[in-house]
Amino acid sequence: MSHPPVPLGTFPTPVEPAPRLAAALGLGPDDLWVKRDDLTGLGGGGNKIRKLEWIVAAALAEGADTLVTTGAPQSNHARLTAAAAARLGLDAVLVLRGSPGVSRSGNLALDGLLGARLHWAGDVDRAALDTVAEQVCARLREKGARPALVPFGGSSTLGARGYVRCGEELRAQVPELRTAVVALGSGGTMAGLVAALGAESVLGVDVGALADPAAAAAEFGAPLTAERVTADRLRVRRDQVGAGYATLTGPAAEALRLAARTEGIVLDPVYTGRALAGLAAAVRDGDVRPGEKTVLVHTGGLPGLFGHADAVAAAQEAAGTHVF
Ligand SMILES: *Cc1c(COP(=O)(O)O)cnc(C)c1O
């Protein structure tokens, strides 16, 4: 039994046509739509709100007074966990990879504004990061707090339920949907969309956050469907990772410029920029074709753009300085 989700976001999010972006990609003007999950509202918006509605409901039912989670320094998930905590009168402790020396821009500035406390875990891998978070929870319990550990990226079967609902919204908004394109990070978002829409209708673009993100998406999604979807049945592109998760790839930089200049839509360098770059590659190799309905799921991440020095530099270089 899971508890009903605690309302945190504004739903359903809109779906908007993107005819000029479609043409630039080589699709027909009615072929491409954008699901605006950057507009979920709370804390600057983004996909983690849908997952947190379920995860936080379970934490509240257990009597938690503090949300603890993990992430990269520019984690959108950590920022939105801090926002959910603020909205509900809970404390937030963010266990972040790295050290306090990093620039406090982008998501880190918002983490501070939202009142979260930060614990720097050093340059550790995923497993060690989770261990540090467990230790932080133990310390908090010793001090009399009641911490609830929110999984990395909000990804679990419970969190993925939020994306089952997103998939249901999409089905109603775009009945002829052929492919929903989404960034694949910790896997919960793709897991929920696949449970709602079917494996053949969701194209995940790996951003390089996990060694095997398809396995993660399959694992989180398995309990949500009767027919067990295995990792090998998922549509996943791994050609957009480049030099790694936090790096700005050439195709992602180009995707950011393209979405901004054709539709006035701002993407982020780590997730949604890669998702659009992956869609462009899918059109080039024929996996996504003109005449089919494609939806780009905009999962948010704008604060991360301002926390990414290379992305800011690329945007500044792209700007024209003089009109005359
Ligand atoms: C976390 C995140 C994703 C990826 O979602 P997962 O469920 O972790 O795969 C995509 N876009 C943005 C902006 C994110 O912050």
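I take helices (H or I, at least four residues) and strands (E, at least two) as DSSP runs, numbered from the N terminus. The model is a predicted one, in which local features need pLDDT of at least 70, side-chain atom pairs count only at pLDDT 80 or more, and totals for chains, interfaces and linings use all residues. Residues are numbered from 1 along each chain as its sequence is written, and side-chain values use heavy atoms, with hydrogens and water left out.

**Entry 1: a cis bond**

I looked up proline 12 and placed it in the segment before strand E1 (15-17). The peptide bond that joins phenylalanine 11 to proline 12 is cis, with omega about -5°.

**Entry 2: domains**

I noted domain 1 (15-45 + 156-319) and domain 2 (48-154) from the domain assignment; such bounds come from an automatic or database domain assignment. Their C-alpha centres lie 24 Å apart. I then looked up the contacts between them, where contact means heavy atoms within 4.5 Å. In domain 1, 27 residues are in contact with 24 residues of domain 2.

**Entry 3: nonpolar cores**

I define a nonpolar core as a set of buried Ala, Val, Leu, Ile, Met, Phe, Trp, Tyr and Cys residues joined through side-chain atoms within 4.5 Å. Buried means under 20% relative accessible area, exposed over 50%, and partly exposed in between, with a 1.4 Å probe and protein chains only.

The largest nonpolar core has 30 residues, and those that touch the most other members are Leu25, Leu27, Leu32, Leu276, Leu279 and Val288. Two or more residues come from each of helix H1 (19-25), strand E2 (32-36), strand E7 (177-184), strand E8 (202-206), helix H9 (250-263) and helix H10 (272-285). H10 gives the largest share, seven residues. I also recorded another core, apart from this one, with 27 residues, including Ala64, Leu67, Ala82 and Leu108.

Which residues does valine 288 touch, not counting those up to four places away in sequence? I found Leu27, Thr179, Leu203, Arg235, Leu279, Ala282, Val283 and Thr294.

**Entry 4: pockets**

I searched on a 1 Å grid over the protein atoms alone: a cavity is a set of points where a 1.4 Å probe fits but cannot get out, a pocket is an open set with protein on both sides within 12 Å along at least five of seven lines, and lining residues have an atom within 4 Å of a point. Grid points are joined across faces, edges and corners, and a volume is the space filled by probe spheres set on the points. For classes, Ala, Val, Leu, Ile, Met, Phe, Trp, Tyr, Cys and Pro count as nonpolar, Asp, Glu, Lys and Arg as charged, and the others, Gly among them, as polar.

The largest pocket has a volume of about 430 Å³. It is lined by 36 residues, of which Gly185, Ser186, Ala209, Tyr245 and Tyr271 are the closest to its centre. Helix H2 (48-61), strand E3 (66-71), helix H3 (76-88), E7 and helix H7 (188-197) each give two or more residues to the lining. H3 provides the largest share, four residues. I sorted the lining of the largest pocket into twelve nonpolar, 19 polar and five charged residues.

Of its 20 lining residues, Pro73, Gln74, Ala246, Gly307 and His308 lie nearest its centre. Its lining has ten nonpolar, eight polar and two charged residues. Domain 1 and domain 2 both contribute to this lining, so the second largest pocket also lies between them.

**Entry 5: cavities**

I found three cavities of 30 Å³ or more in the whole structure. The largest cavity holds about 60 Å³ of space. Among the residues that line it are Met190, Val194, Ala217, Gly221 and Leu234. H7 and helix H8 (213-221) each give two or more lining residues, and H7 gives the most, with four. By class, this lining has eight nonpolar, two polar and no charged residues.

**Entry 6: two single residues**

Beyond four places in sequence, alanine 216 touches Ser186 and Leu210.

I located threonine 299 in the loop between strand E10 (293-298) and helix H11 (302-306). Threonine 299 is buried, with a relative accessible area of 7%. Leaving aside neighbours within four places in sequence, threonine 299 is in contact with Asp37, Asp38, Gly46, Asn47, Val182, Thr189 and Thr272.
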